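Q: Please take a close look at a single part of this predicted model. I would like to know how that part sits in its surroundings and what the rest of the chain looks like.

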Amino acid sequence: MSNGGGSTTGWVVGGCVAAVMMPVVMMVAVSGGGQADAEEQGGVGGGLKNGQVPAEYVPWVLKAGSMCDIIKPAVIAAQIEAESGWNPNAQSPVGAEGLSQFMPGTWKTWGRDDDGNGRISPYDPGDAIMAQGRYDCALAKQVQGYKDRGQASGDTLDLALAAYNAGPGAVRKYGGIPPYKETQDYVVRIKSLIAKYESVDDPPGKLPPGKQMAMPLAGNPPVTSPYGWRMHPTLGVRKLHTGTDFGVAAGTPVLAARDGVVTFAGWTNGYGNRVVISHGTIDGDQISTTYNHMLAGLNVKTGDHVKVGQRVGPVGSTGYSTGAHLHFEVMRNGTYVDPAPWLGL
């Protein structure tokens, strides 16, 4: 994981963390039987975005990402990027090895000859990726058990990623993601990278009955700051809060509220990573929506036609923001209006 310098990577396996210089990326072909066709990259839910994962690793990532419901292929891919930068020969000073950066002791438990070449090696991509999937799923099951017994709370994937970084004991000790900056940054980074790898061929959405827009987040997200006048939390001045804030975890998929065309997708100083979608004329007015403070790894670009419910990017805290949330706006004829009536809140 990045430590902010760009050339340093944190190698994290089974709770061990060390800082090393990122080695030169070297790709090798995967040999062995049982590989799925690369065309399986596409697909709804649990698929991979075409062209993001090196082709020789696609079958293994898809297979490892099908072992349990929580750990999807995009999660596997995001972790590999963070752990080794897709370098199958990666090594760390503390002894972590291969694409998935297993420590020898952990490897003895999870490594198998998945590629059928007669050896069990963390340097064989098939063996490493499949072991990663088994380990991730075991952690997901373990932290779900903590939740079921009231020993921890939070999103199961977030807790599993935290356990991968800091160890499951730390998750249980603190009843959730441990208060370690390294671990918190790791969870945010993986959730951000998921959007890079996950297929965006979402099932077609639809407008809720009697409403003009769908919620820009799944479920019933809490409103943490409605539209209206308030004291700005970072600027310290009284000004109009031009949208509705929803407080959800970083990395949560942000969804288009209505069919439209992306007119902007990129960085602005105040809004951070921002997407603007034009919905054309509604009841004689030009209507647009905006989605703000997202993490890097937007799922759309300017000129894209999007459908209601389609992912546009991951929730973040970029720009003028004090914490992870979605700042959602509605513009009518270029003027910000209260999103609540449009969403039926």
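A: Ala82 has a relative accessible area of 1%, and because buried means under 20%, Ala82 counts as buried. The residue belongs to helix 2, which runs over residues 73–84. Ser100 is 18 residues away from Ala82 in sequence, and the two C-alpha atoms are 9.2 Å apart in space.

Helix 2 also meets helix 5, which covers residues 156–166. The two axes come within 13 Å and cross at roughly 30°. Angles under 35 degrees count as roughly parallel, so helix 2 is roughly parallel to helix 5. The crossing of these two helices is right-handed. On the side of helix 2, the contact is made by Val75, Gln79 and Glu83; helix 5 contributes Leu157, Leu161 and Tyr164. Sorted by class, the residues in this contact of helix 2 with helix 5 are four nonpolar, one polar and one charged.

Trp86 lies in the loop between helix 2 and helix 3, the latter being residues 104–110. Trp86 is not a glycine, yet its phi is positive, at about 65°. Its relative accessible area is 6%, so Trp86 is buried.

Another residue with a positive phi is His293, at about 70°, and His293 is not a glycine either. His293 is placed in strand 10, residues 285–294. With a relative accessibility of 6%, His293 counts as buried.

A positive phi also turns up after helix 4: Gly150, which follows that helix, has a phi near 75°. Helix 4 itself consists of 24 residues, 125–148. From its first C-alpha to its last, helix 4 reaches 34 Å, close to the 34 Å expected at 1.5 Å a residue. Helix 4 is mostly covered, with 18 of its 24 residues buried.

As for the chain around these parts, the predicted model has eight helices and 14 strands. Of the 345 residues in the protein chain, 50% are buried. Among the contacts in the chain with a separation of 6 or more, 60% come from residues 24 or more positions apart.

Notes: Residues are numbered from 1 along each chain as its sequence is written. This is a predicted model: local features need pLDDT of at least 70, side-chain atom pairs count only at pLDDT 80 or more; totals for chains, interfaces and linings use all residues. Side-chain values use heavy atoms; hydrogens and water are left out. Helices (H or I, at least four residues) and strands (E, at least two) are DSSP runs, numbered from the N terminus. The expected span of a helix is 1.5 Å times one less than its number of residues. Buried means under 20% relative accessible area, exposed over 50%, partly exposed in between (1.4 Å probe, protein chains only). Axes are lines fitted to C-alpha atoms, for helices over the stretch in contact, and angles run from 0 to 180 degrees between N-to-C directions. Angles under 35 degrees count as roughly parallel, over 145 as roughly antiparallel, 65 to 115 as roughly perpendicular and the rest as oblique. A crossing is left-handed if the near helix is turned anticlockwise from the far one by less than a right angle, and right-handed if clockwise. Contact means heavy atoms within 4.5 Å. Ala, Val, Leu, Ile, Met, Phe, Trp, Tyr, Cys and Pro count as nonpolar, Asp, Glu, Lys and Arg as charged, and the others, Gly among them, as polar.
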